[in-house]
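Here is a friendly walk through one protein chain, written for someone who would like to know what sits where. Have the sequence and the model open side by side as you read.

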Amino acid sequence: MRIALVGPTYPLRGGIAHYNARLRQALDAAGHRVRLYGMTRQYPSLLFPGKRQDDVSEDPIRALAEPVVDSMGPVSWAQCYDKIRRFRPDGVAFQWWHPFFAPSFGTLARLVRSSGAQPIFICHNVRPHEATRIDDALLRYAYGGVDRFLVHAEEERERLNRLLAPRSLKVQVAPHPVYDVFEATGESREAARAGLGLTAPHQLLFFGYVRHYKGLDILLDALGGIDLDFELTVAGECYEDADAYRDQIQRLGLSGRVRFLDRYVSNEEVPRLFRAADVCVLPYRHATQSGIVQVAYALDTPVIVTRVGGIPEVVADGVSGLLVPPEDSGALAEAVRRYFSEQLRDRLVDGVRTQRAALGWNRIVEGLEALVAS
């Protein structure tokens with residue numbers, strides 16, 4: 001098949017850029033002819049909550065791509081469509097995660113459809129975590145030109161069908177693949193901890209950018225009541241008031257036990273952070289799924305995560321991680337205590353490896369093939 005991909009990729013940073021690059025590699029390996037049309041601009045600076053949008057990693061995750069789409073530039077949308085039209089793909093897969101991209105991707109999808117190719121949205125979020133009426137209006141436009149979707153959880157399929165009822169949709173469900181772009185190094189746990197300046201016997205990791213729905217404040221509350229010799233590393237840029245978390249840390253008596261890296265974490269730092277950790281804790285208030293679980297799995301790290309969205313579809317409770325109710329700091333504290341008191345790590349690592357084997361990129365490729373052929 002001839003398949004075009006549209007969305008962020010290097011030199012832009014972030015999980016979806018990594019996903020797009022890795023998907024291109026998987027499609028290439030499956031024998032398809034692929035073109036990847038990247039973005040020259042993702043967000044205007046005034047709307048981006050972080051410090052910078054480009055990837056400054058020394059070892060970036062690359063794939064052959066042609067940057068062309070400016071999210072704010074209609075001329076670039078026409079240029080991208082012209083390139084797609086000349087490629088003559090059977091299907092065009094858009095990375096979809098936020099209504100901000102409705103004007104650009106929604107317009108491109110309509111143009112693609114008018115040319116006879118199948119537009120497909122790979123939905124990382126069917127609906128945003130903190131949606132507004134404006135978001136819903138933008139979603140109606142974006143989804144109006146598309147009837148083929150790939151989602152990463154059954155719950156997301158149900159949400160999509162409710163949102164677009166009574167339309168008839170073609171939806172494939174394939175779990176978010178493991179981010180095998182991150183590979184464990186031969187570094188020992190002790191060396192990783194020494195390199196990070198960590199000394200406590202129990203090490204927890206909160207990974208990814210910090211926003212309210214991620215529940216860092218709930219984790220801090222939980223840890224404030226735990227009588228363990230632990231350290232927590234918060235590795236991710238804060239997209240809101242970081243001082244509120246620092247004040248909470250001080251108020252709970254956690255100063256010196258929480259290491260707050262308020263910045264984007266480069267690719268080469270990721271394996272060491274997970275190698276040093278006993279467990280990755282993801283206390284989401286709500287979520288669709290989590291690419292961070294797949295990073296943890298790739299690096300042999302069990303998770304303690306809330307039972308929200310599609311996460312229970314990829315985290316087997318007591319097998320590859322522990323599941324707790326959302327917004328329940330007491331239950332989260334008990335899960336952390338249990339993890340260490342019952343010495344669950346080795347058993348759960350075995351479960352992580354079993355689960356990881358079922359989360360390959362072949363399932364995404366097969367889902368796209370089915371949508372293009374339908």
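## Strands and the open sheet

Two strands pair if DSSP finds at least two bridges between them. Helices (H or I, at least four residues) and strands (E, at least two) are themselves DSSP runs, numbered from the N terminus. This is a predicted model, in which local features need pLDDT of at least 70 and side-chain atom pairs count only at pLDDT 80 or more, while totals for chains, interfaces and linings use all residues. Residues are numbered from 1 along each chain as its sequence is written, and side-chain values use heavy atoms, with hydrogens and water left out.

Seven strands form an open sheet with parallel pairing, in the order β3-β2-β1-β4-β5-β6-β7. The edges belong to β3 (66–70) and β7 (170–173); each has a single partner strand, so one side of each is left without a neighbour in the sheet. From one strand to the next, the twist averages 25°. (Axes here are lines fitted to C-alpha atoms, for helices over the stretch in contact, and angles run from 0 to 180 degrees between N-to-C directions.)

How many of the six residues of β5 are buried? Five are, so β5 is largely enclosed by the rest of the structure. Buried means under 20% relative accessible area, exposed over 50%, and partly exposed in between (1.4 Å probe, protein chains only).

## A helix across the sheet, and the cores

Helix α13 (residues 362–373) lies across β4 (91–96), β5 (118–123), β6 (148–151) and β7, and runs at about 170° to β6. Contact, here and below, means heavy atoms within 4.5 Å.

In soluble globular proteins, nonpolar side chains tend to be buried together. A nonpolar core is a set of buried Ala, Val, Leu, Ile, Met, Phe, Trp, Tyr and Cys residues joined through side-chain atoms within 4.5 Å. The largest one has 59 residues, and those with the most contacts inside it are Leu-23, Phe-207, Phe-274, Tyr-284, Val-315 and Leu-368. Helix α10 supplies the largest share of this core, six residues. A second, separate core of 40 residues includes Val-69, Cys-80, Val-92 and Val-171.

Not counting residues up to four places away in sequence, Leu-23 touches Leu-5, Gln-95, Ile-122, Trp-361, Ile-364 and Leu-368.

Asn-20 lies in helix α1 (residues 15–29) and is buried, with a relative accessible area of 0%. Setting aside residues up to four places away in sequence, Asn-20 touches Leu-5, Val-6, Gly-7, Pro-8, Leu-36 and Gln-95.

Look next at Thr-301, in the loop between α10 (291–298) and β12 (303–306). Thr-301 is buried, with a relative accessible area of 0%. Leaving aside neighbours within four places in sequence, Thr-301 is in contact with Phe-274, Val-279, Cys-280, Ala-296 and Val-352.

## Salt bridges

A salt bridge is a side-chain nitrogen of Lys or Arg within 4 Å of a carboxyl oxygen of Asp or Glu. The whole structure holds 26 of them.

Glu-237 and Lys-51 form one, with the closest N and O atoms 3.7 Å apart. Glu-237 is in the loop between β9 (230–235) and α8 (242–251), and Lys-51 in the loop between β2 and β3, so the pair ties together parts that are 186 residues apart in sequence. Glu-237 is buried at 4% relative accessible area, whereas Lys-51 is exposed at 61%. Arg-13 is linked with Lys-51 and Glu-237 in a network of salt bridges.

Asp-217 and Arg-285 also form a salt bridge, their closest N and O atoms being 2.7 Å apart. This pair links distant parts of the chain, with Asp-217 in helix α7 (residues 216–224) and Arg-285 in the loop between β11 (279–282) and α10, 68 residues apart. Both Asp-217 and Arg-285 are buried.
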